[in-house]
Amino acid sequence: SPLTARSLSRSLAEPPGAWPRGGLGPCPAAAPHRPQVRGVRSACGAPRAVLPPRSHRIPWTRPLSLSAAAAAVLGLGHCGGDGRKQLSLRDVAELMRSRECERVVVMAGAGISTPSGIPDFRSPGSGLYSNLQQYNIPYPEAIFELAYFFINPKPFFTLAKELYPGNYRPNYTHYFLRLLHDKGLLLRLYTQNIDGLERAAGIPPDKLVEAHGTFATASCTVCRRNFPGEDFRGDVMEDRVPRCPICTGLIKPDIVFFGEELPQRFLLHVVDFPMADLLFVIGTSLEVEPFASLAGAVRGSVPRVLINRDLVGPFAWQQRHKDVAQLGDVVQGVQALVELLGWSRELQELIHKEKAKLDARFK
């Protein structure tokens with residue numbers, strides 16, 4: 001079955017208008033998937049998690065990524081509990097400095113973009129949410145439903161105007177990820193964010209997997225022709241609904257809406273995660289599937305580093321002996337790692353240079 005945003009988002013029913021709190025980074029087309037746990041005990045008496053009966057599951061859902069499932073089958077998904085030394089952030093920095101870890105995969109969520117000022121539109125009362133009320137949308141999710149988009153695209157393009165490249169700037173964390181690439185350490189960056197700040201920081205598109213889509217490209221909903229997103233910037237900024245120059249059909253940025261398949265590039269995880277020798281998970285709640293299950297797709301011997309406000313996902317319920325959790329403010333956590341790596345001056349120089357480029361481009 002096709003892997004669609006609707007199948008990911010509606011695995012857990014929520015009443016209309018009940019949006020999860022958080023930043024704008026992850027596409028709202030996906031919502032948490034939490035299989036219920038029933039009180040079954042194993043032979044030794046320990047509680048055992050059991051998925052709901054098939055009849056209770058939403059059709060066409062795929063709760064695990066392929067690479068995570070492979071790791072489980074091959075016995076690569078669990079490690080620890082045998083008294084082996086727990087890694088520290090300093091240990092991870094030393095592994096990177098010595099190039100013992102040089103195929104780094106990063107999973108990023110909304111938490112890396114909120115320091116750039118990206119508004120939290122999913123919580124009622126925020127500025128952007130309030131701006132959308134003038135369009136009398138039936139419920140917030142309608143902005144990302146194709147049926148509603150074809151009837152009334154104006155609310156979506158109000159959101160697009162807020163998010164279009166150039167309105168917000170990358171922050172310290174984005175440039176840290178860029179420096180990983182510059183040093184030849186970044187295998188791939190998987191992001192839930194639709195704000196394009198990874199691209200704005202200078203990370204090449206071939207190093208990115210934008211799991212929930214991007215404003216960098218757009219497509220005609222009628223003739224299916226593809227266009228650079230910048231071609232329609234003028235229309236969006238002047239509150240005009242963009243139309244195809246060939247057939248006059250409605251243009252839609254390549255953001256994943258309900259019912260649409262995830263980008264084909266997402267399947268790169270089948271290759272990337274088994275190859276990775278270090279995983280960073282930064283600024284995400286690890287609740288949206290199948291993105292969340294990727295955290296369990298690296299080999300059991302691979303260090304996993306969580307830089308996040310809270311302990312989430314397998315870092316909370318299936319820890320490995322090589323897991324490291326740097327909790328608290330995301331930017332401060334990244335700064336602590338950068339200092340241990342000895343990259344502080346180099347990163348500041350990169351930030352200064354790249355900000356000057358963006359200022360010249362969007363002045």
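Modeller: In this predicted model, a residue counts as buried under 20% relative accessible area, as exposed over 50%, and as partly exposed in between.

Biologist: Is Cys-223 buried, partly exposed or exposed?

Modeller: The relative accessibility of Cys-223 is 26%.

Biologist: How many disulfides does a search of the whole structure find?

Modeller: A disulfide needs two cysteine sulfur atoms within 2.5 Å. The closest cysteine sulfur to that of Cys-223 belongs to Cys-220 and lies 3.6 Å away, so this pair is too far apart for a bond. Cys-244, whose nearest cysteine sulfur is that of Cys-223 at 3.7 Å, is in no disulfide either. Over the whole structure, the number of disulfides found is 0.

Biologist: Is Cys-244 buried or exposed?

Modeller: The relative accessible area of Cys-244 is 3%. Since the limit for this class is under 20%, Cys-244 is buried.

Biologist: How is the aromatic pair of Phe-149 and Phe-257 classed?

Modeller: A search of the whole structure finds 14 aromatic pairs, and Phe-149 with Phe-257 forms an aromatic pair with 5.5 Å from centre to centre and 85° between the planes. Because planes over 60 degrees apart fall into this class, the pair is edge-to-face.

Biologist: How many residues apart are Phe-149 and Phe-257?

Modeller: Phe-149 belongs to helix α5, residues 146-151, while Phe-257 lies in the loop between β8 (251-255) and α10 (269-275). Both Phe-149 and Phe-257 are buried. Their pair links distant parts of the chain, with a separation in residues of 108.

Biologist: Which strand holds Phe-215, the partner of Phe-156 in a stacked pair?

Modeller: The rings of Phe-156 and Phe-215 lie 6.3 Å apart, centre to centre, with 20° between the planes. Phe-156 is buried at a relative accessible area of 1%, and Phe-215 is buried at 4%. The pair links distant parts of the chain, 59 residues apart, since Phe-156 is in helix α6 (residues 154-163) and Phe-215, in residues 213-220, is in strand β6.

Biologist: Which residue has its charged end over the ring of Phe-257?

Modeller: Phe-257 is a member of one aromatic cluster, which includes Phe-144, Phe-150 and Tyr-164. At 4.5 Å from the centre of the Phe-257 ring sits the charged end of Lys-252.

Biologist: Over which ring does the charged end of Arg-304 sit?

Modeller: The charged end of Arg-304 is 5.1 Å from the centre of that ring. The ring belongs to Phe-315.

How values were computed. Residues are numbered from 1 along each chain as its sequence is written. This is a predicted model: local features need pLDDT of at least 70, side-chain atom pairs count only at pLDDT 80 or more; totals for chains, interfaces and linings use all residues. Side-chain values use heavy atoms; hydrogens and water are left out. Rings of Phe, Tyr and Trp (its six-membered ring) pair if their centres lie within 6.5 Å; planes under 30 degrees apart count as stacked, over 60 as edge-to-face and the rest as tilted. Helices (H or I, at least four residues) and strands (E, at least two) are DSSP runs, numbered from the N terminus. Buried means under 20% relative accessible area, exposed over 50%, partly exposed in between (1.4 Å probe, protein chains only). A charge sits over a ring if NZ of Lys or CZ of Arg is within 6 Å of the ring centre and within 35 degrees of the ring normal.
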